[in-house]
Amino acid sequence: MISCLLLCGLMIIAAGDHAMMQVQGLGCNWGTRATHPLPPSIAVRLLKENGFDKVKLFEPDEGALTALGNSGIEVMVGIPNDLLASLAGSVTAAENWVSRNVSSYISKNGADIRYVAVGNEPFLKVYKDTYIKTIYSAMENIQAALIKAGLGRQVKVTIPINADVYQTENDLPSGGDFRSDIRDLMLSIIKFLSDNGGPLTINIYPFLSLYMDPNFPVDYAFFPAAGTSSTVVVDGSISYTNVLDANYDTLIWALEKHGYSSLPVIIGEVGWPTDGDLNANIQYAKRFNQGLLNRLNLGQGTPKRSSSPPDTYLFALIDEDAKSIEPGNFERHWGILYYDGQLKYDLDMGNNRTLQPAKGVKYLPRQWCVMAPQASLDDVNMAESISYACSHADCTSLGYGSSCGSLDARGNASYAFNMYYQANDQKKEACGFSNLSAVTTVDPSQGSCRFEIMIDTSVKNHEKARSPGVTTSSAATQLEETFEIMLHCTMMFWIVMLVTAIS
């Protein structure tokens with residue numbers, strides 16, 4: 001009996017230890033550029049159930065910040081680039097922005113806002129120095145506004161930058177330094193962050209290495225499987241097996257060269273898209289994101305900062321069908337989940353948890369708009385109708401190498417018509433197209449090509465989500481497991497007592 005109870009005690013202790021095993025610093029980007037966005041309360045529950053304790057918003061979305069109140073999730077809220085000029089030119093404008101978008105949500109909603117991200121990759125060369133003269137002043141004014149609001153200790157200023165702000169002269173991480181055209185500005189920003197206790201935020205996209213260079217070694221974009229070695233780059237005593245480590249450490253080398261070896265660096269965006277390009281597919285996305293999560297679960301950092309991994313924000317939670325596709329069609333498909341929070345692929349999130357889908361989502365009726373059976377591809381209105389549909393809805397899955405790239409001509413037309421129909425809430429007139437289309441209740445999806453039905457964004461049609469503060473996952477689930485073990489132990493105790501009495 002004593003050994004039985006001792007075993008149960010050890011099981012309970014083990015369960016308690018297991019309950020505390022969490023991936024520290026696991027965040028996710030939550031974008032809201034969608035025609036039919038996931039209801040904020042459902043999205044917050046989705047974050048919690050999948051173990052994300054941090055979230056990054058690209059702008060202060062009211063619904064998102066309200067739903068995040070008292071959720072236990074730390075928030076980084078972004079300031080879009082188009083606001084930098086006004087915030088740089090007026091301390092009052094910065095104070096008003098902080099009051100509306102930070103102070104109010106902390107005091108009234110209980111949002112745990114930890115960072116304000118000033119701008120988003122403002123030094124991209126495609127911007128042609130548009131934000132060079134405003135970014136630093138905007139950071140200063142936001143910092144001053146946070147201090148005035150009494151939030152200087154709680155909320156820190158950061159700046160998300162792209163990896164193109166630094167370069168290497170010898171093609172090795174140890175040769176890293178900041179771009180010569182912005183080096184002085186970058187050093188001023190870094191000193192500002194260091195003086196005010198703020199981290200630097202870097203966005204790293206191994207996918208783009210493949211996208212921009214057809215000769216890039218594919219395996220170097222991913223992480224080597226456990227028990228295997230795949231050294232591609234040797235830099236002195238360090239061997240790099242993947243481009244994320246090499247990229248991150250190039251920044252660390254640049255910081256060290258200028259005396260900022262201990263500046264905190266967050267990975268603000270990292271992930272892999274699932275559609276819109278030949279290399280943007282579910283297999284590659286699962287391979288990359290699972291490899292990343294495995295490293296985080298093991299507490300593995302990069303060679304230059306090996307003691308622990310940096311706070312990391314996966315990009316992204318869900319797809320966004322209204323996002324700009326100027327960088328490429330893949331921009332709308334970065335989500336680890338589809339637009340409606342449903343699974344694209346399985347992920348082991350660690351702590352004996354798998355990726356969970358959204359619950360309580362309500363959809364428009366199960367009907368689709370497709371090319372009418374009697375319609376002809378030679379109709380004079382056909383090309384114009386398809387072009388119109390795709391210019392007002394998301395047709396990025398039709399591209400070469402994409403999930404719907406193998407459809408025939410009639411399938412392409414049907415896909416375009418349906419996306420427009422769904423984006424316009426299945427309104428009758430949205431399936432007109434000069435009598436070339438018709439509504440069907442038979443799902444036209446083919447193979448990997450999904451013909452979507454959009455979320456019903458009418459609030460009354462959604463199940464009321466549980467309070468973000470209440471969840472059956474993570475710690476709560478593990479407590480239930482502990483109580484279950486205790487129940488089994490109690491039963492074992494009485495069984496032993498009964499057997500002893502009988503004998």
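Visitor: How do α5 and α6 lie relative to each other in this model?
Guide: In this predicted model, local features need pLDDT of at least 70, side-chain atom pairs count only at pLDDT 80 or more, and totals for chains, interfaces and linings use all residues. Residues are numbered from 1 along each chain as its sequence is written, and side-chain values use heavy atoms, without hydrogens or water. The axes (lines fitted to C-alpha atoms over the stretch in contact, angles from 0 to 180 degrees between N-to-C directions) of helix α5 (residues 91-109) and helix α6 (residues 135-148) come within 8 Å and cross at roughly 60 degrees. Under 35 degrees counts as roughly parallel, over 145 as roughly antiparallel, 65 to 115 as roughly perpendicular and the rest as oblique, so α5 and α6 are oblique.

Visitor: Which residues of α6 does α5 meet?
Guide: Contact means heavy atoms within 4.5 Å. From α5 come Val91, Ala94, Glu95, Trp97, Val98 and Val102, and their partners in α6 are Asn141, Ile142, Ala145, Leu146 and Lys148.

Visitor: What is the hand of the crossing of α11 and α12?
Guide: Helix α11 (residues 382-391) packs on helix α12 (residues 409-423) at about 45 degrees, axes 8 Å apart, and therefore this pair is oblique. A crossing is left-handed if the near helix is turned anticlockwise from the far one by less than a right angle, right-handed if clockwise. While α5 and α6 cross right-handed, the crossing of α11 and α12 is left-handed.

Visitor: Which helix gives the largest share of the lining of the largest cavity?
Guide: A cavity is a set of points on a 1 Å grid over the protein atoms alone where a 1.4 Å probe fits but cannot get out, lined by residues with an atom within 4 Å of a point. The largest cavity has a volume of about 60 Å³, and its lining includes Leu292, Arg295 and Leu296. Three residues of that lining, the largest share, come from helix α10.

Visitor: What volume does the second largest cavity have?
Guide: Its lining includes Lys56, Phe58, Ile79 and Pro160, with β2 (54-57) and β3 (74-79) each supplying at least two residues. Volume here is the space filled by probe spheres set on the points, and for the second largest cavity that is about 40 Å³.

How values were computed. Helices (H or I, at least four residues) and strands (E, at least two) are DSSP runs, numbered from the N terminus. On a 1 Å grid over the protein atoms alone, a cavity is a set of points where a 1.4 Å probe fits but cannot get out, and a pocket is an open set with protein on both sides within 12 Å along at least five of seven lines; lining residues have an atom within 4 Å of a point.
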